[in-house]
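Open the model in your viewer and keep the selection tool at hand. The tour goes stop by stop.

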Amino acid sequence: MAVTTRLTWLQEKRLQHHFGGKQFSLLYKASVHEFSSENLLEKCCNQGPTITVIYSENYVTGAYLLDSLQEEREVPVILFALQETEISEYKTGSHRLETLVDIKKPPAGFWMDLGNKRVAMSSKVSEELGLPQPCTTSFQECEVFRCKDLLDERKEEGVIVLKRTLLFAMSTYKPYKDMVHQIRILLLGPTGAGKSSFINSVKSVFRGHVTNQVLVGCDATGISKKYRTYPIKDVNDGQCLPFILCDSLGLSEKEGLCAEDIVSILKGHVPDRYQFNSMEPITSRHRNYIHSPSLQDRIHCVAFVFDATSVEQLSGEMVAKIKRIRREMIKYGVVHLALLTHVDSINLITVGDFPDIYSCVPVKLKLEKVHRKLGFALSDILVVSNYVSEWELNPVKDILILSALRQMLWAADDFLEDLPFE
């Protein structure tokens, strides 16, 4: 039977995050392996950095050892206390493990008596950790975990392999039954949500270095004032890949991109570099208006882009506007998804979580909130972390960007397959 930790998911995540993004592997559990310092040493020596977690009635305390446990060897120790959602710590210097688990050899400030299920600490340590007196308390459980970086060498290798697989899939992709030679993906969303940054991020991944070809800014009115279509080139052969990303004026409650222009874009009437006028949508009288658009000129998939850190604060007017636009898309049969940017800014999420991002509880909760607020199916909500301030590519970010792009292309194929035969 598998031995499981007593830590809640949130407690474990907070400890992992606090100590620099670690992955915990349970080595020793006193209620299973006996309350014995000998058994603890046998299970936990030579295992690399470890964290010992002690469960008292009202709080969780413990010790983080920054180096591998070895008998007769001193290792740096950080004591900690976890109370509800707050973690406090106290650095005690270096100690030998046997002095931490033997009441007869107490180091300065802290010791644990496993056999009698007692933990004691000096008044100074208790005060630093924000714990009440007395300094000696009983505990019900003790666990020791091996600590490894969330992205260890083996996991990094898997990420690199996945990135290569996704890049190959994108470069060899062909639209459904070759009905068009390039898929057009329209990015819509509130001003500042990250539409232009996503285009830069996609371009960066395929170029092999970070690029900022598309202007990005923090102006409240947004930078994108024109309708722009951006082909993506493969760095290996310089050829255009089979998809185009389309940028547009941001959505806002009163101004911004108007509904009439959105319909014209979907139908393929709007030319590249068209200057938007929020008070006057494009008409057939415009000199560059595309009067007889082909299937290639139309939009095949729409991605609504939202900032994951602020999507819940969208105003009622904005939510109503997005729902009206979605109804228009359903009317014209255009498939659409939601794309959440800044996923790395969600509380307790780190880059190390990216390979399994959709299984992380904070991300699951965020997707549920977007589903309830805007009506997107959970399977139609994607997450990415754009390149905003970085100078170097990160394969872990790249797999999120490429995975989202792949989902958009699959959605576009669904649109093409669903078109009337004629």
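**Salt bridges**

The count comes to 12 salt bridges in this predicted model.

Select Lys13 and Asp353. Their side chains meet in a salt bridge, at 2.5 Å from N to O. Which parts of the chain does this pair link? Distant ones: Lys13 lies in helix H1, while Asp353 lies in the loop between strand E15 (336-341) and H10. The two residues are 340 residues apart.

**Surface patch**

Next, select Trp9, Leu10, Val361 and Leu365. Together they form a nonpolar patch on the surface. Leu365, for one, has its place in helix H10.

**Two packed helices**

Now show helix H7 (residues 195-207) with helix H11 (residues 395-417). Their axes are 10 Å apart, and the packing angle is about 110°. Angles of 65 to 115 degrees count as roughly perpendicular, so H7 and H11 are roughly perpendicular to each other.

- From H7, select Phe198, Ser201, Val202, Val205 and Phe206.
- From H11, select Asp398, Ile401, Leu402, Leu405 and Met408.

Colour this selection by class.

Notes
Residues are numbered from 1 along each chain as its sequence is written. This is a predicted model: local features need pLDDT of at least 70, side-chain atom pairs count only at pLDDT 80 or more; totals for chains, interfaces and linings use all residues. Side-chain values use heavy atoms; hydrogens and water are left out. Patches are made of residues with over 30% relative accessible area and no salt bridge: like charges are joined within 9 Å, nonpolar side chains (Val, Leu, Ile, Met, Phe, Trp, Tyr) within 5 Å. Accessible areas come from the Shrake-Rupley method with a 1.4 Å probe; for residues, only the protein chains shown count as cover. A salt bridge is a side-chain nitrogen of Lys or Arg within 4 Å of a carboxyl oxygen of Asp or Glu. Helices (H or I, at least four residues) and strands (E, at least two) are DSSP runs, numbered from the N terminus. Axes are lines fitted to C-alpha atoms, for helices over the stretch in contact, and angles run from 0 to 180 degrees between N-to-C directions. Angles under 35 degrees count as roughly parallel, over 145 as roughly antiparallel, 65 to 115 as roughly perpendicular and the rest as oblique. Contact means heavy atoms within 4.5 Å.
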